[in-house]
Amino acid sequence: MSEECELKYTDFKSDLSVRWCAGCGDHAILNAVQKAMANLKVEPHNVAVISGIGCSSRFPYYMNTYGFHTIHGRASAVASGVKVANPNLKVWQITGDGDALAIGGNHFIHLIRRNIDINVILFNNQIYGLTKGQYSPTSKRGFISKTSPYGTVEDPFRPGELTLGARGQFFARTIDKEIKLSIEVMEEAARHKGTSIVEVLQNCVIYNDKTHEAITDKKYKADRTIILQHGEKMIFGVDNDKGLVMDGMDIKTVTIGQDGYTLDDILVHDAYTHHGAMHRKLSNMDFPELPVALGVIRSVKDNVYDVSVEQQLVDVQAKTSITTFEEMVNSGDVWEVE
Amino acid sequence: MMGRSSKVIERDEVVVRFSGDSGDGMQLTGTLFSNTSAVFGNDISTFPDYPAEIRAPQGTIGGVSGFQVHFGHSEVFTPGDYADVLVAMNPAALKANAKWVKHGGTIIIDVDAFDAKNLEKAGYKTDDPITEDKLGDYHIIKAPITNLTKESLKDMGLDNKSILRSKNMYALGLVYWLFNRPMEHTTNYIKKKFAKNPLIVEANLKVLREGYNYGVIIQAVTPSYHINPAAIAKGKYRNINGNIATAWGLIAASKKANLELFLGSYPITPATEILQELSLRKDMGVKVFQAEDEIAGICTAIGASFAGDLAVTSTSGPGLALKGEAIGLAVIAELPLVIVNVQRGGPSTGLPTKTEQSDLMQALYGRNGESPCVVMAASSPINCFEYAFYAAKIAVEHMTPVILLTDGFLANGTQTWKIPDLADYPEIKAKRVAPEDEATWMPYQRDPETYVRSWVKVGTPGLMHRIGGLEKDEKTGGVSYDGENHERMVKYREAKIKYIENNIPEQDILGEPESDLLVVGWGGTFGHLFTAVEELSEEGVHVALAHFNYINPLPKNAHAVLKRYKKILVCELNLGQFANYLRMNYPDIQYRQFNKMQGLPFSVVELKEQFKKLLEE
């Protein structure tokens, strides 16, 4: 990668006018990504933004970087090819709950399993927006939509759980309108070596308005979400008096100073531990039982596919006696006719 | 070698077929024999014929694995229709292959395997398969191969399984005697292959020698064959099959283009060997991505192409179907990409290990929208190298996906290959943005003559741009829903492919150009068609042959060539896909068809018959 340089977020804006609906959560996410990229100081020409199909997948057109709006579900695969071909590039993948978790589910889990150094921004609005309102693989059981007029009879994927199940080493969550948190999380995702999944709870103003409102609304947010920070106590609430503790195998919410709980009892977040059990519990926390976890839930160093591919080339080439095409075709069973 | 007292048959060419249970090691036996013949100086062509099951029930016809080699004093173009010599390691092998032996040929059987149980499994109704199959006129060598192998190895301390595994070497030794071949090549191979297990080396070499000596013992009653070496051009040679040749052709192209080679692929018979060979070639800097499925195979390749690599995906028919949407993406994005499709019998899973030419229409039209791409076909195991090279050259220089069709017959068949000098191959030059044009450059600006846009590698400063699967503005590449722009883009993409006819060779006519009959073929049937035409020519029957390697676009002179002939017979291993393609392109011409769909190549005999019949009409 080229040297770091001073960049403004406007350096990442293309001259195309943005064509998402007014009030769509995508606008805020675009803003956050551009600001995160400026902070990361990677020049726009070394950035590739790859998307699949869906509302969010129009994203690359609005970025003044290299961009590829591919086909439905396949962004993970195309992005993998870009990164493996040129590991010096910073590769971002923009995808939605349908693109990544339904039609592209296979590529999504294998990207994570391989741990290719790609930053995936997963817009989760629990609906198919571009096709105008059908339920998605993250829609809750019973969700009513055009293709589930009597309610769905299936349970949703939880992106965090799926990521961890696929051996994911980085998972974070943020909310579209929380731009400051989004920037922080995206920067950390980008600095993480390996596949990083950032789930953004995004609002589809037309087909699934206020789907996350129960937790994202200003009135409730402090009590219904918790921002996790590595090494910090898991405390939340308007008055910062609530905390998370273990209760047998489960996590529960307590109020500090009540029922005999003190600050010392509250769990400390360890995002860097290899053990996934706690990360899974944290990523699965849901309203109303528990606060929804935001911030970086898991960030673990591991082997990175694209790095290993390069290393293997170096290792083999250091040992081989075959270095040219001519040597290759003349190796093995060859005879000469005089 | 010892002197011979038996009758020696002088021949220009001979076909040998090895057959046995799929665990009997017939592929290895056949390969060792072929390589020995090639090193001896014969031209060779081979073809393996094996079941889809890794180990079908032992002793049954379904489990028979065969390997045929044709070698000769002059050039050979096919593995041969009928065998002069058949090795049958059990009754099922005899039952399945007796019909492929020339009348009066030699059949070596392992008589120990012909017990009541095996005879029954093979479907024989009596205990005399020779009479039952009417093989009385054939020269049958009943060798007790199993027992002699056991006897030979009994004191070596090997387990029974290892002993039985060596019996193919006994058979091979016997065949070496039959053709008076040196065993040095095989000896060296065994020593190298089992270097870590000296006991196995010793056992195999012992059995090989004793097989040869068995021939010496029976020679008084058995004729042997003598085939002189071919008159071959000076140079270095090796044997190579179509899949390896394809892989190497792609590597050659990456060297000539000065581009990193990237393969995104998923294992599928009979294309897997391309993936395996390129995985091995880290010494050549090849990056291989074994994807989670066929779609990811091509999509990673498309990503790599966007990033600036020479990108390839390899597959067979069902995989090509899965890749269809992504090929369309490469068509509209106008990125270079090579798609190698090693055809097999279809539809669906069909006949995975058998050859067919039934993916032509899929390659030409199997996508949504007006989605033209280059379609070309290799026509011999060794020219897979050349056509893989040119597929890559066309893809890079014309910014288009290219589908290269080979087939199971070419992929697994081997021929003797004169090792090429890369210096004899042309440069591959991508269209790049010149520094002085950077300020005004637009992503979908085209060369006015070729309609080719520039290829900008991701990472190039100052030329950031966005591409995608949505229709784009004809200059800027920005999304455009304008109907007139769309129509122009559809036509540009079509014209870009059509222009390539200027950069490919004209269609030539082989055989006897002055004839009433033109035989038309394409792809993997070349060897059989050409041999049939040549043999007829020797018999004084004149037939012309136009064998196509470039299908979209067709060579510029294709229509003129076809127009010259009174009768045209299009021969292909499908229901007539190329014939229909020609009817569509050149409707003013009458086409007759000869088609075969048995998972096998044409036989020269059946082709000659057809040609003669048509000439007499």
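Which strands of chain A does helix H6 (residues 179-191) of chain A lie across? The model is predicted. In it, H6(A) lies across S3 (90-96), S4, S7 (170-175), S8, S9 and S13 (292-299) of chain A. The helix runs at about 165° to S7(A).

**The mixed sheet**

These strands belong to an open sheet of 9 strands with mixed pairing. The order is S9(A)-S13(A)-S7(A)-S8(A)-S4(A)-S3(A)-S1(A)-S2(A)-S17(B). Two strands stand at the edges: S9 (225-228) of chain A and S17 (466-468) of chain B. Each has a single partner strand, so one side of each is left without a neighbour in the sheet. From one strand to the next, the twist averages 20°.

Within this sheet, S4(A) covers residues 118-124 and S8(A) covers residues 196-201. They pair in the parallel sense. A:Ile121 has A:Val198 in S8(A) as its bridge partner.

**The antiparallel sheet**

Chain A also contributes an open sheet of 3 strands, in the order S10-S11-S12. Its pairing is antiparallel. The edge strands are S10 (235-236) and S12 (250-255) of chain A, and each pairs on one side only. S11(A), residues 242-247, pairs with S12(A). There, A:Lys242 has A:Thr255 as its bridge partner.

**Strand pairs**

| Pair | Sense | Bridges | Bridge partners |
|---|---|---|---|
| S4(A) and S8(A) | parallel | 6 bridges | A:Ile121 and A:Val198 |
| S11(A) and S12(A) | antiparallel | 6 bridges | A:Lys242 and A:Thr255 |
| S14(A) and S9(B) | antiparallel | 3 bridges | A:Trp335 and B:Tyr237 |

Strands of a sheet pair through backbone hydrogen bonds.

**Where the chains meet**

How many residues of chain B are in contact with chain A? The count is 56 residues of chain B, in contact with 50 residues of chain A. Several elements of chain B give two or more residues to this side, including H1 (26-40), H10 (242-257), S10 (261-265), S11 (287-290) and H13 (317-333). S9 (235-241) and S17 of chain B are also on that list. H12(B) gives the most, with 10 residues; this helix spans 294-307.

By class, the side of chain B that touches chain A has 28 nonpolar, 15 polar and 13 charged residues.

Strand pairing also links the chains. S14(A), residues 335-337, pairs with S9(B) in the antiparallel sense. In S9(B), B:Tyr237 is the bridge partner of A:Trp335.

Methods. Residues are numbered from 1 along each chain as its sequence is written. Chains are lettered from A and ligands numbered from 1 in the order in which they are written. This is a predicted model: local features need pLDDT of at least 70, side-chain atom pairs count only at pLDDT 80 or more; totals for chains, interfaces and linings use all residues. Two strands pair if DSSP finds at least two bridges between them. Helices (H or I, at least four residues) and strands (E, at least two) are DSSP runs, numbered from the N terminus. Axes are lines fitted to C-alpha atoms, for helices over the stretch in contact, and angles run from 0 to 180 degrees between N-to-C directions. Two residues are in contact if their C-beta atoms, placed from the backbone, lie within 7 Å. Ala, Val, Leu, Ile, Met, Phe, Trp, Tyr, Cys and Pro count as nonpolar, Asp, Glu, Lys and Arg as charged, and the others, Gly among them, as polar.
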